[in-house]
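Please keep the sequence and the model in view while reading.

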Amino acid sequence: MSRDLRLEGLSVGYGAGAAPVLEPTDLEFAAGSFTALLGPSGCGKSTVLNTVAGFVRPSSGLVTAGRSPVTGPGPDRGVVFQHYALFPWRTARGNVEFALKRLGLPRAERRRRALAALDEVGLADGAEKYPAQLSGGMQQRVALARALAAEPEVLLMDEPFGALDALTRSRMQQLLRALWQRTGLTVLFVTHDIDEALALAERVVVLGGRPGRVLADHPVPAGPPDPALRALIAGHLGTPS
């Protein structure tokens with residue numbers, strides 16, 4: 001199950017009288033879609049994600065998930081960050097189970113969900129290992145499983161593969177794409193990498209400027225990456241193609 005998302009006149013500023021980080025922005029994301037928010041550091045893409053997650057309150061405008069206004073964090077929206085933030089004294093299963101305590105689930109249900117989520121990300125055989133015994137890619141799988149175990153309808157990802165080596169990053173991208181195709185979750189994926197955006201998403205929203213604003217919004221055709229689209233997006237960002 002998934003939800004659509006809508007940003008209506010969304011503007012964000014930090015502190016009274018502070019200049020906005022994000023200009024008033026209108027965006028819609030269909031239920032079950034996979035969208036990459038692409039842009040350089042400081043353009044507002046993580047601000048958009050954090051506002052949808054409910055971590056940041058907008059200065060003006062509205063964010064809705066389904067028909068419900070977003071007023072704070074909720075289990076319908078799972079979040080995966082670049083840094084794994086795992087408890088080193090808990091196993092992979094223990095880290096996932098701990099995140100489920102806030103839902104008030106019985107212990108047996110927490111265990112069932114944790115094991116199912118770890119299996120979903122291909123880490124069933126590492127459930128009883130501690131973070132120090134896992135590679136970076138495996139730790140990020142635990143972080144992904146932690147988000148999935150709450151059975152969200154929206155998955156928000158903030159440069160989750162940025163700290164991984166190229167080979168592990170490619171494998172995680174393949175895993176995420178397959179996971180999205182199986183589950184039909186609505187995915188918002190923040191990145192500053194054009195190739196990553198084109199490899200994963202079916203739509204790329206390009207952000208830029210300070211305060212941030214939408215520079216372009218492109219559907220991504222199925223099949224191999226389109227060099228012409230890559231060059232067009234690079235042109236929006238003012239980077240070599």
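In helix H4, the residues Gly137, Gln139, Gln140, Val142, Ala143, Leu144, Ala145, Ala147 and Leu148 are buried, where buried means under 20% relative accessible area, exposed over 50% and partly exposed in between, with a 1.4 Å probe and protein chains only. Helices (H or I, at least four residues) and strands (E, at least two) are DSSP runs, numbered from the N terminus. This is a predicted model, in which local features need pLDDT of at least 70 and side-chain atom pairs count only at pLDDT 80 or more, while totals for chains, interfaces and linings use all residues. Residues are numbered from 1 along each chain as its sequence is written, and side-chain values use heavy atoms, with hydrogens and water left out.

What surrounds the buried residues of H4? They pack against strand S6 (77-80), helix H2 (92-100), helix H3 (107-120), strand S7 (154-158) and helix H5 (166-183); contact here means heavy atoms within 4.5 Å. The length of H4 can also be checked. The expected span of a helix is 1.5 Å times one less than its number of residues. For the 13 residues of H4 (residues 136-148) this gives 18 Å, and the end C-alpha atoms are 18 Å apart, so the two values agree.

Glutamate 151 has a positive phi of about 55°, although it is not a glycine. Glutamate 159, in the loop between S7 and H5, likewise is not a glycine and has a positive phi, of about 45°. Glutamate 159 counts as buried because its relative accessibility is 15%.

The strands can now be placed in their sheets. Two strands pair if DSSP finds at least two bridges between them. An open sheet of six strands has the order S6-S7-S8-S3-S9-S10, with mixed pairing. Its edge strands are S6 and S10, each of which pairs on one side only, and the twist averages 15° from one strand to the next. Within this sheet, S7 and S8 run parallel and are joined by five bridges; aspartate 158 stands opposite valine 190 in S8.

H5 lies across strand S3 (34-38), S7 and S8, and runs at about 160° to S8. Helix H7 (residues 227-237) lies across S3, S9 and S10, at about 180° to S10. For these angles, axes are lines fitted to C-alpha atoms, for helices over the stretch in contact, and angles run from 0 to 180 degrees between N-to-C directions. In the loop between strand S9 (203-208) and strand S10 (213-219) lies proline 211, which a cis peptide bond joins to arginine 210, with omega about 5°.

Another open sheet has four strands in the order S2-S1-S4-S5, with antiparallel pairing. The edge strands are strand S2 (20-29) and strand S5 (68-69), each pairing on one side only. Six bridges join strand S1 (residues 5-13) to S2, and leucine 7 stands opposite leucine 27 in S2. H1 lies across S1, S2 and strand S4 (60-65), at about 115° to S1. This helix (residues 45-53) is mostly covered, with eight of its nine residues buried. Glycine 54 follows H1 and has a positive phi near 95°.

What holds the nonpolar side chains in one group is a matter of definition. A nonpolar core is a set of buried Ala, Val, Leu, Ile, Met, Phe, Trp, Tyr and Cys residues joined through side-chain atoms within 4.5 Å. The largest core has 49 residues, of which Leu144, Leu155, Met157 and Val204 touch the most other members. H4 gives the most to this core, with six residues. Leaving aside residues up to four places away in sequence, methionine 157 touches Leu49, Val80, Leu144, Leu176, Val187, Leu188, Phe189 and Val190.

Aromatic rings form a further set of links. Rings of Phe, Tyr and Trp (its six-membered ring) pair if their centres lie within 6.5 Å; planes under 30 degrees apart count as stacked, over 60 as edge-to-face and the rest as tilted. The whole structure holds six aromatic pairs. Phenylalanine 161 and phenylalanine 189 form a tilted pair, because their ring centres are 5.8 Å apart and their planes lie at 50°. Phenylalanine 161 is in the loop between S7 and H5 and phenylalanine 189 in strand S8 (residues 186-191), 28 residues apart. Ring pairs link Phe34, Phe161, Trp180 and Phe189 into a cluster.
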